[in-house]
Amino acid sequence: FPSHDTVLCLSTGLGLSPLAQASTLIEDNQIWTMMVVIGKISEEWKGYLEIQPRFGNDASQLDRLLIRPAAVYTLDKETSLWVGYAGVEAFSPTVTWEHRTWQQIQNEKTFGGFILINRTRFEERFLPGTDDVAFRLRHMIRSLLPLNEEKTWAVVFSDEVFLNFN
């Protein structure tokens, strides 16, 4: 990717992930970080790379590592089509790899100072221990309020619904 068109950002989120197990509630504070690099290839095409280490066990150890490259085709200034791959390495309780191919349509609009992102993604998941392919539909809505002119810092509100087909 041309270096002058590459954007690098780092975001950190702190979350509480309760897991129900029989009648016992297990809590795990997690930190998810993300590095994203986007490079312009042509007027319509971009390359995308996301590296996302997630720390679990009360944020004391690396729990998962997601590597997600993609090609992005821009339909217009608000809508883009994506095709990509995700490699997901889990470290606990044992080391496993999940492979995913995915396609998505994304729409991004600006309202006043807010940026609203509406994304629908379809994934084909190749899970460890099975020869079957699992299919999943994901829909995300994210709102960003940039805190500076360069949009390097923002307050983000996001929610995503997952629908597994098999």
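Modeller: What follows starts with the whole chain, moves to the network, and ends with the surroundings.

This is a predicted model, in which local features need pLDDT of at least 70 and side-chain atom pairs count only at pLDDT 80 or more, while totals for chains, interfaces and linings use all residues. Residues are numbered from 1 along each chain as its sequence is written, and side-chain values use heavy atoms, with hydrogens and water left out.

The protein has eleven strands and zero helices; both are DSSP runs numbered from the N terminus, helices being H or I with at least four residues and strands being E with at least two. Of its 166 residues, 27% are buried, where buried means under 20% relative accessible area, exposed means over 50%, and partly exposed lies in between, with a 1.4 Å probe and protein chains only. Contact means heavy atoms within 4.5 Å, and among contacts between residues at least 6 apart in sequence, 37% join residues at least 24 apart.

Now to the part you asked about. A salt bridge is a side-chain nitrogen of Lys or Arg within 4 Å of a carboxyl oxygen of Asp or Glu, and the structure holds ten of them. A network of salt bridges links Glu98, Arg100, Arg119, Glu123, Arg125, Arg136, Arg138 and Glu160.

Arg100 belongs to strand β8, which covers residues 96-111, and its relative accessible area is 8%, so it is buried. Its side chain is joined to that of Glu98 by a polar contact of 2.7 Å; a polar contact is a pair of N or O atoms within 3.5 Å, where within protein one must be able to donate a hydrogen and the other to accept it, and residues adjacent in sequence count only if both atoms are side-chain atoms.

Glu123 and Arg136 form a salt bridge whose closest N and O atoms are 2.8 Å apart. Because Glu123 lies in strand β9 and Arg136 in strand β10, this pair ties together parts that are 13 residues apart in sequence. Both Glu123 and Arg136 are buried. A further salt bridge joins Arg138 to Glu160, with the closest N and O atoms 2.7 Å apart. This second pair links distant parts of the chain, since Arg138 is in strand β10 and Glu160 in strand β11, 22 residues apart. Arg138 is buried at a relative accessible area of 8%, whereas Glu160, at 22%, is partly exposed.

Rings of Phe, Tyr and Trp (its six-membered ring) pair if their centres lie within 6.5 Å, and planes under 30 degrees apart count as stacked, over 60 as edge-to-face and the rest as tilted. By this rule there are five aromatic pairs. In one of them, the ring centres of Phe122 and Phe135 are 6.0 Å apart and the planes stand at 15 degrees, so the pair is stacked. Phe122 lies in strand β9 and Phe135 in strand β10, so this pair too ties together parts 13 residues apart in sequence. Phe122 is partly exposed at 29% relative accessibility, and Phe135 is likewise partly exposed at 31%.

On the surface, a nonpolar patch is formed by residues including Phe114, Leu116, Ile141, Leu147 and Phe157, and the patch has about 900 Å² of accessible area together. Patches are made of residues with over 30% relative accessible area and no salt bridge, like charges being joined within 9 Å and nonpolar side chains (Val, Leu, Ile, Met, Phe, Trp, Tyr) within 5 Å; accessible areas come from the Shrake-Rupley method with a 1.4 Å probe, and for residues only the protein chains shown count as cover. Strands β9 (114-126), β10 (133-146) and β11 (154-164) each supply at least two residues of the patch. Leu147 sits in the loop between β10 and β11, and at 58% relative accessibility it counts as exposed.
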